[in-house]
Amino acid sequence: MSTASGSPQLNLIGLPRTELEAYFAELGEKPFRARQLMRWLYERGEVDWAAMSDLSLTLREQLAGAVSLSIPVIDNRQDSVDGTVKWSLDVGKGQNVEMVFIPEDGRGTLCVSSQVGCAMDCPFCATGRQGFNRNLGAAEIVGQVLLATRELGMAEGRSRITNVVFMGMGEPLANFREVTRACDVLTDDFGFGLSRRRVTVSTSGLVPQIDKLATVSNVALAISLHAAHDELRDELVPINRKHPISELLAACWDYAAATNSKQITFEYIMLDGVNDARTDAEALVPLLRGRPAKVNLIPFNPVAGTPYGRTPRSRVDAFRKVLMDAGILTVTRRPRGDDIDAACGQLAGNLDNKVRVPLSEKTMHTVNRA
Ligand code: SAH
Ligand code: SF4
């Protein structure tokens, strides 16, 4: 597994408990050693063998020589006036990803990245504009939660992170294996112990992977819908050309049934004059009414160089009213952390593009700090 330090050793961070237990079994150790280690890592955020006093010195020395506990390195932190915090993380080879903590009444949401960049090419998204470099490993995903836990400290003896959402950089279902392994650790009682409803995977609509997710996990699912017609969605969310709305929604209802989920969240960015007319809201109604669906209206966060603008509040309210009147639970998301470019879709760490984005586009997205 490659890490920020470039270490080729097996990295024990992010290993699901069954794999960690198997590793300890190979060493001739009892399975509870794996649980002890997980407590140090995920409850206390400790990655220094020397501090793990309930593991014998001999075992610790053996482990320190054979495996690593590697996580990304924080190279920048910005605090918004509204309490939102954004970190830029060094994931090696001069590349960065970003994660964001959003405190709200009674909860704290950590928005994590799953890839360095994204290949899905949604035209309104800063990450999409950058192109794709590589998938993050489970250690780098779990490492984000571990780092944020340490950075934020405890509140009344508890982690301030109550929810984790895969809404940072990247398309999580395009990195299926590592994301689901990370979800395993996030929801494990000996990992971060989050309930499955508090871990949300947001996808632009990779249908086969949604089907597969239902067979290995039951975390909450959010879909970036953004349009009620295929013609418009083909443009806004290009993966729609491969998996159109009808196919996507069928997969959603199957997922909800298979995982016994109360609802799927549908994210809908309000783009001024593009997808925000009353007729757009009316077209959504037959798709979602009577289904286990909740709509999240997202004010567009400006990304330099894109042709889109933010829908005025009055039109967002009118759009919401159409859906609410049809009995579809709809909330308008409050933009957070705009002053530090930490809002949805504004995340863009440094990366060395592997997938080509036209030069004219490349120059306009710049959170590059190199
Ligand atoms: N790739 C996944 C998850 C990361 S994007 C996905 O697309 O679902 C997380 C959310 O931010 C998505 O709903 C995405 O559509 C939204 N988003 C992207 N760019 C945005 C922008 N400029 N303003 C507001 N939301 C944006
Ligand atoms: Fe990728 Fe999501 Fe951005 Fe689309 S919105 S480019 S899927 S990160």
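This is a predicted model: local features need pLDDT of at least 70, side-chain atom pairs count only at pLDDT 80 or more; totals for chains, interfaces and linings use all residues.

**Starting with a helix**

Helices (H or I, at least four residues) and strands (E, at least two) are DSSP runs, numbered from the N terminus.

Residues are numbered from 1 along each chain as its sequence is written, chains are lettered from A and ligands numbered from 1 in the order in which they are written, and side-chain values use heavy atoms, with hydrogens and water left out.

So how enclosed is H6? Nine of its twelve residues are buried, so the rest of the structure largely encloses it. Buried means under 20% relative accessible area, exposed over 50%, partly exposed in between, with a 1.4 Å probe and protein chains only. Among the buried ones are Phe176, Arg181 and Leu186. The cover over them includes helices H1 (17–26), H2 (32–43), H5 (138–152) and H7 (207–216), plus strands S11 (163–166) and S12.

S12 (199–203) turns up again at ligand 1: along with S14 (264–270) and S15 (293–299), it supplies at least two residues of the shell. Of the 22 residues around this ligand, Gly170, Ser202, Ser224, His226 and Asn301 come nearest; to be counted, a residue needs a heavy atom within 4 Å.

Now the polar contacts, meaning pairs of N or O atoms within 3.5 Å. A polar side-chain atom of Ser224 sits 2.6 Å from a ligand 1 oxygen. A backbone N or O of Gly170 is 2.9 Å from a ligand nitrogen, and a polar backbone atom of Asn301 is 2.9 Å from a nitrogen of ligand 1. Taken alone, ligand 1 exposes 520 Å², and the protein buries 96% of that; areas are Shrake-Rupley, with a 1.4 Å probe.

Which residues surround ligand 2? Gly170 is back, together with Cys118, Met120, Asp121, Cys122, Cys125, Gly128, Glu171 and Ser204.

Last stop, Leu69, in the loop between strands S2 (67–68) and S3 (73–79). Its relative accessibility is 13%, so Leu69 counts as buried. That's my tour; over to you.

Conventions. A polar contact is a pair of N or O atoms within 3.5 Å; within protein, one must be able to donate a hydrogen and the other to accept it, and residues adjacent in sequence count only if both atoms are side-chain atoms. Contact means heavy atoms within 4.5 Å.
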